[in-house]
Amino acid sequence: MLLKLEDKYELIKKEIINYKSKKPIDIVCEMMDKDYISIHGPEHHFLDGAAFLIAYKNSGGDIDINDCLEKLAVRTAKMPGAMCAYWGVCGAVASIGAALSIIHGTQPLSIDEYYKHNMEYTSSVLQKMSTIGGARCCKRNAFLALSHAVQFVKEKYNIQMEFNKIECKFSALNNQCLNNSCLFYNEK
């Protein structure tokens, strides 16, 4: 199925809104199984933040989920594919950073703690990613970004998302998989 990025975003919004889980990893993994989600690709930039927003809402976060998803779609549509390599910033991290900004209404001139928190979150995840290195893997980076986000919102905002052990089921589909060098590698 050859779809434009906007079409993929619409399919993601249509399906993800129905999830009731408090586990963003479970949500993102189920969505990654959809035939319109590539093993790598810029649709992950929206998907990762959307899975976070759904789990945040389901965990008691007081947000208008439809409004948040619309804003996230607008922001992430501006992120090019392969920004991890070309910009040095992972799209999964930027997506969840955008979601945090949307949740808190952070603006360029904000002087509250949320501005600092967004930077704290993104820099901590990018630091961890820098120790792992490449090649690219949208699945690994989503797992890292979301697992850090679960802990981050628990510590900062007392939002209790749920988390479970991550074992990647996409390793065999990724020709650039780091295998045993990946935290989530599953050789099954």
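These legends describe close-up views of a helix pair and of aromatic rings in a predicted model. Local features need pLDDT of at least 70, side-chain atom pairs count only at pLDDT 80 or more, and totals for chains, interfaces and linings use all residues. Residues are numbered from 1 along each chain as its sequence is written, and side-chain values use heavy atoms, without hydrogens and water.

**View 1. Helices α3 and α8 cross.** Helix α3 spans residues 43–58 and helix α8 residues 138–157. Helices are DSSP runs (H or I, at least four residues), numbered from the N terminus. The two axes come within 11 Å and cross at roughly 30°. Axes are lines fitted to C-alpha atoms over the stretch in contact, with angles from 0 to 180 degrees between N-to-C directions. The helices are therefore roughly parallel (angles under 35 degrees).

**View 2. Residues where α3 meets α8.** From α3 come H44, D48, F52 and Y56. They meet C138, K139, A142, L146, A149 and V153 of α8. Contact means heavy atoms within 4.5 Å.

View 3. Ring centres of F52 and Y56 lie 5.9 Å apart with planes at 40°, so the pair is tilted. Rings of Phe, Tyr and Trp (its six-membered ring) pair if their centres lie within 6.5 Å; planes under 30 degrees apart are stacked, over 60 edge-to-face, the rest tilted. F52 is buried at 0% relative accessible area, and Y56 is buried at 6%. Buried means under 20% (1.4 Å probe, protein chains only).

**View 4. F152 and Y157.** Their ring centres are 6.2 Å apart with planes at 75°, so this pair is edge-to-face. Both residues are buried. Y114, Y121, F152 and Y157 form one aromatic cluster.

Definitions and conventions. Helix = DSSP H or I, 4+ residues; strand = E, 2+ residues; numbered from the N terminus. Parallel < 35°, antiparallel > 145°, perpendicular 65-115°, else oblique. Buried < 20%, exposed > 50% of the residue type's maximum accessible area, 1.4 Å probe, protein only.
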